[in-house]
Amino acid sequence: MADTLTLFASIGLSEQKAKETLKNEALSSALKDAIVQAQNVCGASGVDKAMGTLLYSMTSRLKDTKRLAFLSGSIAQSKICTELQLAAALDFVKGHPQDPINQREFEEACGVGVVITPEQIEDAVEKVIKKHKEQLLKERYRFNMGLLMGEARAALKWADGKVIKNEVDMQTEADLEKKPKVKSLMEQLRGEALKFHKPGENYKTEGYVVTPNTMNLLKKHLEITGGQIHTRFPPEPNGILHIGHAKAINFNFGYAKANNGICFLRYDDTNPEKEEEKYFTAIKDMVEWLGYEPHAITHASDNFQRLYDLAVDLIRRGHAYVCHQKGEELKGYNSPPSPWRDRPMRKATLRMKMVMEDGKMDPVAYRIKYTPHHRTGDEWCIYPTYDYTHCLCDSIENITHSLCTKEFQARRSSYFWLCNALDVYCPVQWEYGRLNLTYTVVSKRKIIKLVEAGAVRDWDDPRLFTLTALRRRGFPPEAINNFCARVGVTVSQTTTEPHLLESCVRDVLNETAARAMAVLEPLKVTITNLPENSRSDVRVPDFPANESRGSHTVPFTRTIFIEQSDFREVMEKGYKRLTPDQSVGLRHAGYVISVQKVIKVRPWGKVVELEVTCCSSDAAEKPKAFIHWVSQPLVCEVRLYERLFLHKHPEDPSEVPSGFLTDINPNSLHTISSALVDTSVKGAEVFDKFQFERVGYFSLDPDSTSDKLVFNRTVTLKEDPGKI
C-alpha cells in the first residue's frame with residue numbers, strides 16, 4: 001500500500017486524495033496500471049502533474065478497461081493534452097468498442113496536433129462580440145456571457161476554455177456596468193405583497209373550513225395574539241440544514257419580521273431514533289447565523305401530554321381507531337433499560353378516519369417506539385407522527401400563518417380536518433415553492449454516503465450545500481439571504497444554478513472583504529539594483545475603491561514572489577504581463593520591473609527565478625499591466641474548490657445511470673500546500689474573509705493553526721461564463 005501511495009503522490013495527487021483513491025479498489029488498480037503504462041512510454045520522471053491529472057481523470061471515467069493501455073499511451077505521448085481532448089477520446093472509444101481502433105480517425109476526432117494560437121483566439125472572440133455588440137450594450141450585465149463563450153468555442157473547438165474566457169473578459173470589460181439593487185426580501189414580504197389573510201380572518205382563505213365554533217375560536221385566538229402575526233420554523237432535528245432550509249428560514253422569520261410579528265423555532269422532535277443533540281445545536285446556530293432571533297425555542301415534545309389527551313378525545317369523538325397488525329410481537333428492544341423492556345406486545349398504531357388529498361387513507365397518528373426520548377426519557381413509548389403533530393402544535397402556539405413547501409399541499413385538507421375534528425383553533429397553511437440547486441445533493445442519507453465513500457470529509461465539507469459547509473467555505477449569511485430574495489417568494493418549485501448564489505456572494509464580499517496579496521504558484525524574483533538588506537513598508541488600501549476605510553502595510557524587499565503565470569519566457573500577442581522584452585508594474589509598490597536574467601534548473605527546464613531591475617513608476621513608461629506580489633510572506637495552505645458533481649442532476653438516473661456516487665468530479669478539490677500570503681492576514685480569525693487581489697475571495701478555515709493558516713477559496717473574482 002505504501003508503494004502505491006508513493007506512486008500516486010508521484011503524479012501530483014495529495015496524500016488525502018491518494019488515500020481516498022486506495023479505498024476504491026477498481027479505481028486504484030486502473031490508475032496504477034495507467035501510470036505504469038505511461039512510465040513505460042516516457043520514463044518514471046516523465047509523468048508530471050498535468051499528465052497525472054489526465055491519467056486520474058481518464059481512469060475515473062473510463063468504462064471499458066480494455067482501452068486503458070491505449071488511452072494511457074496517448075496521454076503519455078502528449079497526443080491527449082487537455083480535458084477537452086480527453087472527453088473526446090473517451091467518447092470515441094465508447095463509440096468504437098470493436099478492435100482495431102482506426103488511429104487516424106481517433107486523432108482527428110480528438111484534435112491531436114491541432115494548435116490554436118493566441119491570435120486566433122483574439123480574432124474569434126472579437127468576431128463573436130462584434131456579432132452581438134448591440135445586444136451586449138443594451139443588456140450589459142444581463143447579457144448571457146455563455147453565448148459568447150459557446151460561439152467562440154464552436155469556432156475554435158480545441159482552444160483552451162480558460163484562455164477564451166480571459167479573452168472574453170478582457171474584450172467585454174468596458175461594456176459591463178454595476179448591477180442594480182434587487183428588491184429586498186423584506187419588501188417582498190411586507191404588508192399586502194403576498195395577499196395573505198390578516199390575523200383573525202382565516203375564514204377568508206380559499207379552502208378554509210368554517211364550523212359552527214370557528215368564529216368563537218378565532219375571537220379567543222385574537223385575544224391571545226393581539227392581532228400579531230405568528231409564524232414558526234419547524235425543522236426535524238435529524239440532520240444539518242441545507243440551502244433549501246435557508247429559504248424556509250428567510251420566509252418564516254422574514255415574514256414575521258417584515259410585519260412586526262414573531263417567529264418560533266420549533267423542533268419537530270417526534271422521532272427519537274434519529275435525533276441527536278448536535279443537530280439541535282447546529283440548527284439554532286444556523287438560524288442565528290442567518291441573522292434571525294427566535295421569539296422562543298419550542299419542541300413538539302413540550303406538548304406530548306396535550307397531544308396524547310387530544311388523541312384520546314379524537315377516539316371518543318369517533319374520528320380515530322387503534323389498528324392492530326397481526327402476527328407481530330415486540331420483545332426486548334435494543335435500547336437502554338426502560339420500564340417496557342421484555343414486555344411482549346402486539347404492534348399497534350392509531351389511525352385517523354380520513355382520506356388525504358393524495359388518496360392516502362387513514363393516516364397514522366401514533367406509533368409504538370421503544371426508544372427513550374432525549375428530553376422525556378422513558379416517559380413515553382408511543383410517539384405522534386408529523387400528520388398528527390404539526391397542525392396541533394401550530395394550533396397550541398396560535399400560529400397565524402403556517403408556511404411550508406409545496407409538497408405539503410396534499411396535507412392541507414388533513415391539516416384543517418384534524419383541527420376541526422377536535423374543535424380547536426385552526427391556523428391557515430400556505431405553501432411556497434421549494435428551492436433546489438443543480439450539481440448537488442442535500443438529503444441526509446446521501447450526504448452520509450458521500451462521507452462514507454470518502455468523497456467529502458463531513459457535513460461541513462465546503463463542496464456541499466449544507467449551511468455549515470457554506471459558512472466554512474466563506475459564504476456570508478447576507479449573501480445567502482440576498483440569494484433567497486433574488487430567487488423570490490414563488491409558489492412554483494425553483495431549481496437554480498449555483499452561479500446565481502455565487503454572484504450574490506461576490507456582491508457582498510466585494511464590499512466587505514479586505515484586500516490582501518497572495519501568490520498561489522510562486523516564482524522568486526530578485527531585484528538586483530536594490531541593496532541586500534533593503535526593506536521598506538508599502539501601504540495597501542483595504543478597499544481600493546474607498547481608501548478612507550483603512551489600510552495595512554506590507555514589507556517590500558530585494559526578494560519578492562510573483563505568480564508563475566505572470567511571467568512568460570516567450571512573448572505572445574495579447575499577453576500584457578512580464579516577459580524578457582516587456583516590463584510590468586507592481587501593485588501598490590510604485591515600481592516597474594524589467595527582466596535581466598531568467599534562471600532555470602537546467603537549460604531546458606522550468607524557470608525557478610528571475611533577476612530584474614526596478615525603477616519608479618513615475619520615471620518609467622506606463623506598463624500595460626500591474627501584477628500582485630508578496631515579500632517576506634507567510635506560507636499557507638490554499639484549498640480551491642470546484643463543483644462536486646459532473647452533471648447538473650446527479651440523482652437523475654437519466655443523467656447518471658450508475659448513481660450519484662459515480663458522478664463525483666475528480667477535480668473538485670485542489671490543495672496548494674505552499675502558497676504565500678502577505679503578513680496582513682497574520683491575526684485573522686476563523687471565517688474571516690479576504691479578497692486576494694487578482695486571485696479570488698478566500699476565508700480562513702477552522703483547520704488553521706498558529707503555525708500555518710489554511711484558506712478556502714469561496715468564489716473566483718469573476719463568474720465563469722462556461723458554468724452558466
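Predicted model: local features only at pLDDT ≥ 70, side-chain atom pairs only at ≥ 80, totals over all residues.
Local features need pLDDT of at least 70, side-chain atom pairs count only at pLDDT 80 or more, and totals for chains, interfaces and linings use all residues. Residues are numbered from 1 along each chain as its sequence is written, and side-chain values use heavy atoms, with hydrogens and water left out.

**Exercise 1.** Work out which residue R266 pairs with in a salt bridge, and whether R266 is buried or exposed.

*Solution.* 
- Start with the criterion: a side-chain nitrogen of Lys or Arg within 4 Å of a carboxyl oxygen of Asp or Glu. The structure holds 38 such salt bridges.
- Now the partner: it's E397, with 3.0 Å between the closest N and O atoms.
- R266 sits in strand β2 (residues 262-267) and E397 in the loop between α16 and β8, 131 residues apart. Helices (H or I, at least four residues) and strands (E, at least two) are DSSP runs, numbered from the N terminus.
- Finally, check accessibility: buried means under 20% relative accessible area, exposed over 50%, partly exposed in between (1.4 Å probe, protein chains only). R266 comes out at 3%, so it's buried; E397, at 10%, is buried too.

**Exercise 2.** Find how far apart the centres of domain 1 and domain 2 are.

*Solution.* 
- Grab the bounds, which come from an automatic or database domain assignment: domain 1 is 1-110 and domain 2 is 118-176.
- Take the centres over C-alpha atoms, and you get 32 Å between domain 1 and domain 2.
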